[in-house]
Amino acid sequence: MKTNSTFVHTVLFAVITLSLNFNVAKAQSSCTAPAMTWNNPVLISGTALQVNAVYKFPNVTPGVYALITVTAKVNGASITNIDDNVNNGYAAAWQPVIQTPSAQVASDSYVSFSIAFKNTADNSSHQYNCFQLSFIDVDGDDDHIREFVATKNFDSYTVANNTQLTLTTISGGITQATGPLETYNDIDTSAYRTNINFRFTNKAVINEVRLGNRVDAVHDIDGRLSCGYFAPVTMPLLLPVSYLSFDAVVNGESVLVKWATGYELNNSHFEVERSFDMSNYSTAGIVLDGFVVNGTGKSYQFKDNSAQLKGRSMVYYRLKQVDIDGKVTYSKVIAVRLQAKSEVKMQVSPNPFVEHVTVGFTSTENGNAQIRIANMAGQTMLSKQSTISKGYNNIQVDGLTGLATGVYVAQLILNGTVIDNQKLIKN
């Protein structure tokens, strides 16, 4: 986070309790974290910005002040400002500036702090039932520097489903989050991809907070702004898997079930479940996750060749997603018509085609129609949706010039139900 850039990139943020690695490993507490205000620090002992310097932040909450002690400087890191909150970030946050070392070598450098809360009335320790400390916008300089933050003795931490942070546990039970090399603009509590959020309960002291930078062998000396935000800011709970698509294509006497995920969190595998009455489901097959990385997505498919499909007019599929801890979630249900309705007559022309096809059919109801052009592997090459009326409809599908010569399938879907399929030849 450069203090001299137009957009400042930060490091600290506070949220409601979620779970370790965003898994919801611990239930949310009923305790509401206080909103703290960190302003007007005063040096009360030691030399300013040096090891053993102690700063007092008055009235972080009514009747409570905080003491921040500089406990170590490691590998040439230095502090240029204990709390730069005039022009950048959040005024109520603690925002120190940590400078990278001058030595042009690859290294991790950081400044370590301890934080203690005291009662104003008698200077005794003040124990909060809970409070939240988060690191916001832990990013890089688009060149040679990646920020990192670390702490320990917390009760839970949360990262976003699409986090860009690399999490490691290091000596002493310290959890470190290292940001990407890319810069993410602005200090924003809703910029979840580069935030990590810690929750503490029944604590009066944080024994160690590390703010630092990972640099390569060539780098510019840079002061990186951190934003220490202690406040009950919420982060949304998200499902372990986000689906981009889920559909199926009939291919002869089999059905190719396909789906794609936008992100996954600790996903173990999928079970493709089949039903013929939308009430009783059985497992048609299991698809392993493979090596998807948390926060990324992937494409999957499963070919259902079951003899149970023969003679059926309709089949229904859903996905049972299983976490690594055994928890499950279910997708929506999709309906696939294995035999065309006798009252719906689908005609596709020209066949063979070159640039376009026209699909004509008679519908028994108003609604929506989708024409899908797929290759023989079941991959959708082009799809068109149209509003239809009861009676005869004609839909032209353009943009097929770029398809390679070969055999394709035109599929008609009426109001979400696969009605018919017809093979096509591309010249």
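Predicted model: local features only at pLDDT ≥ 70, side-chain atom pairs only at ≥ 80, totals over all residues.

Colleague: Is E208 buried or exposed?

Modeller: E208 counts as buried because its relative accessibility is 15%, under the 20% cut-off. R210 also counts as buried, at 13%.

Colleague: How many salt bridges does the structure hold?

Modeller: The structure holds 11 salt bridges. One of them is formed by the side chains of R372 and D247, at 3.6 Å from N to O. That pair links distant parts of the chain: R372 belongs to strand β26 and D247 to strand β16 (residues 241–251), 125 residues apart.

Colleague: And what is the relative accessible area of R372?

Modeller: R372 has a relative accessible area of 5% and is therefore buried. D247 counts as buried at 18%.

Colleague: Which residue forms a salt bridge with K320?

Modeller: That residue is E271, with the closest N and O atoms 4.0 Å apart. This pair too links distant parts of the chain, as K320 is in strand β21 (residues 314–323) and E271 is in strand β18 (residues 267–275), 49 residues apart. K320 is buried, with a relative accessible area of 18%, and E271 is buried at 14%.

Colleague: Let us change topic. With which strand does β26 pair over seven bridges?

Modeller: Strand β26 (residues 367–375) pairs with β29, in the antiparallel sense. Within that pairing, I371 has L412 of β29 as its bridge partner.

Colleague: Why is β29 described as largely enclosed?

Modeller: Strand β29 (residues 406–414) has nine residues, and seven of them are buried, so the rest of the structure largely encloses it. It is joined to β30 by nine bridges, and the two strands run antiparallel. L412 has D420 of β30 as its bridge partner in that pairing.

Colleague: What phi does N415 take in the hairpin of β29 and β30?

Modeller: N415 takes a positive phi near 50°, in a hairpin with two residues between its strands.

Colleague: Which residues make the nonpolar surface patch of about 220 Å²?

Modeller: The patch is made by M376, V407 and I425. I425 is found in strand β30 (residues 417–426), and it counts as partly exposed because its relative accessibility is 41%.

Colleague: Now for the open sheet of three strands: what is its order?

Modeller: The order is β24-β25-β28, with antiparallel pairing. The edge strands, β24 (347–349) and β28 (391–397), each pair on one side only. From one strand to the next, the twist averages 15°. Three bridges pair β24 with strand β25 (residues 357–363), and S349 has T358 of β25 as its bridge partner.

Colleague: Finally, which residues have the most contacts inside the largest nonpolar core?

Modeller: They are W38, F113 and F117, in a core of 38 residues. Strands that each supply at least two residues of this core include β2 (54–61), β3 (64–74), β6 (107–119) and β13 (205–215).

Definitions and conventions: Residues numbered from 1 in each chain as written. Heavy atoms only, no water. Patch = residues over 30% accessible without salt bridge, like charges linked within 9 Å, V, L, I, M, F, W, Y side chains within 5 Å. Areas by Shrake-Rupley, 256 points an atom, 1.4 Å probe, with all protein chains shown as cover. Helix = DSSP H or I, 4+ residues; strand = E, 2+ residues; numbered from the N terminus. Buried < 20%, exposed > 50% of the residue type's maximum accessible area, 1.4 Å probe, protein only. Pairing = 2+ DSSP bridges. Axes fitted to C-alpha atoms, helices over the stretch in contact; angles between N-to-C directions. Core = buried A, V, L, I, M, F, W, Y, C linked by side-chain atoms within 4.5 Å.
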